Amino acid sequence: MSDPLRRIDALVDADTLPPPHIRQQLRIAANLTQAEVAEAIGVQRLAVVRWEAGQTQPHRGNRLKYAQLLRRLAEEHPSVAQGGPDVA
């Protein structure tokens, strides 16, 4: 695979988001409020509300930040990331 295609694949993987209900469950499992997530990403709380409800999707820059945050939360709460109950 050529180098530009690898970079594209890496970007796609980097900004892949879980389904909205998993996003919400990861946040709850980490004991974070929507306001705290919004502040960490640099958006208004209403944006996080809409992302978790599946009403909208984050724009590119915010999507990368949000995906990175969710990935870290998924590492801390793997059962939630897989759609199971939180065991923490």
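**A first look**

Gln 82 counts as exposed because its relative accessibility is 70%; exposed means over 50% relative accessible area, buried under 20% and partly exposed in between, with a 1.4 Å probe and protein chains only. The model is predicted, so local features need pLDDT of at least 70 and side-chain atom pairs count only at pLDDT 80 or more, while totals for chains, interfaces and linings use all residues. Residues are numbered from 1 along each chain as its sequence is written, and side-chain values use heavy atoms, leaving out hydrogens and water.

**The whole protein**

- The protein has six helices and zero strands; helices (H or I, at least four residues) and strands (E, at least two) are DSSP runs, numbered from the N terminus.
- Of its 88 residues, 26% count as buried.
- Among contacts with a separation of 6 or more, 60% come from residues 24 or more positions apart; a contact means heavy atoms within 4.5 Å.

- Gln 82 sits in the segment after helix H6 (78–81).
- The C-alpha atoms of Gln 82 and Pro 18 are separated by 9.5 Å, although these residues are 64 residues apart along the chain.
- Asn 31 lies in the loop between helix H2 (20–29) and H3, and it counts as exposed because its relative accessibility is 68%.
- The phi of Asn 31 is near 60 degrees, a positive value in a residue other than glycine.
- For background, most residues other than glycine have a negative phi.

**Where H3 meets H4**

- Helix H3 (residues 34–41) and helix H4 (residues 45–53) pack at an angle of about 110 degrees, and their axes are 8 Å apart. Axes are lines fitted to C-alpha atoms, for helices over the stretch in contact, and angles run from 0 to 180 degrees between N-to-C directions.
- H3 and H4 are therefore roughly perpendicular to each other, a term for angles of 65 to 115 degrees.
- H3 brings Gln 34, Ala 35, Val 37, Ala 38 and Ile 41 to the contact, and H4 brings Arg 45, Val 48, Val 49, Trp 51 and Glu 52.

**Helix H5**

- Helix H5 (residues 60–76) has 17 residues and reaches 25 Å from its first C-alpha to its last, close to the 24 Å expected at 1.5 Å a residue. The expected span is 1.5 Å times one less than the number of residues.
- Which residues of H5 are buried? They are Tyr 66, Ala 67, Leu 69, Leu 70 and Leu 73.

Key:
Angles under 35 degrees count as roughly parallel, over 145 as roughly antiparallel, 65 to 115 as roughly perpendicular and the rest as oblique.
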